[in-house]
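Could you look this model over with me before we talk?

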Amino acid sequence: MRILRGDDHTMSSATLARRRLLAWLIDVLVIIGVSILLRWVGGLVASLYLVLRDGLFDGQSVGKRILGLRVVVLPQERRCGFKESAIR
């Protein structure tokens, strides 16, 4: 699996690494927010999001979607589903 940004396959490794880190931080904020807002079931919902997040929105977690990144499964370059997200 790899992460792509839109149609641009020429992004430098350093830029991609920074964008991935920022996407991860956004996802952490989502997890914390869900845990706080839903209190009793927040931990369960946050755990499910953590495992399945890249299967949402056609291979994009909330953070990746905001930054225009997408996880694809190689060699077909098809979008990551829930199964691949859980394995990841």
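Predicted model: local features only at pLDDT ≥ 70, side-chain atom pairs only at ≥ 80, totals over all residues.

Here are my notes, starting with the ground rules.

1. Ground rules. Numbering runs from 1 along each chain as its sequence is written, and side-chain values use heavy atoms, with hydrogens and water left out.

2. Overall fold. The protein has three helices and three strands, in the order β-α-α-β-β-α along the sequence. Both are DSSP runs numbered from the N terminus (helices are H or I, at least four residues; strands are E, at least two).

3. Of the 88 residues, 28% count as buried; buried means under 20% relative accessible area, exposed over 50%, and partly exposed in between, with a 1.4 Å probe and protein chains only. Taking contacts (heavy atoms within 4.5 Å) between residues at least 6 apart in sequence, 54% join residues at least 24 apart.

4. Helix H1 covers residues 13-52. A straight helix of 40 residues would span 58 Å at 1.5 Å a residue, yet H1 spans only 25 Å between its end C-alpha atoms; the expected span is 1.5 Å times one less than the number of residues. Look at Arg 39, where H1 bends by about 150° (the angle between axes fitted to the seven residues ending there and the seven starting there).

5. What H1 buries. Its buried residues are Ala 23, Ile 26, Asp 27, Ile 31, Gly 42, Ala 46 and Tyr 49, and they pack against helix H2 (62-67) and strand S2 (69-73).

6. Beyond its neighbours within four places in sequence, Asp 27 touches Tyr 49, Arg 53, Ser 61, Val 62 and Gly 63.

7. Leu 25. Also in H1, Leu 25 is partly exposed at 40% relative accessible area. Leu 25 and Gly 63 are 38 residues apart in sequence, but 7.5 Å apart in space, C-alpha to C-alpha.

8. Nonpolar surface. Leu 37, Leu 38, Trp 40, Val 41 and Val 45 form a surface patch with about 610 Å² of accessible area together. Leu 38 is partly exposed, at 41%. Patch members have over 30% relative accessible area and no salt bridge, with nonpolar side chains (Val, Leu, Ile, Met, Phe, Trp, Tyr) joined within 5 Å and like charges within 9 Å; a salt bridge is a side-chain nitrogen of Lys or Arg within 4 Å of a carboxyl oxygen of Asp or Glu.

Note on methods: Areas by Shrake-Rupley, 256 points an atom, 1.4 Å probe, with all protein chains shown as cover.
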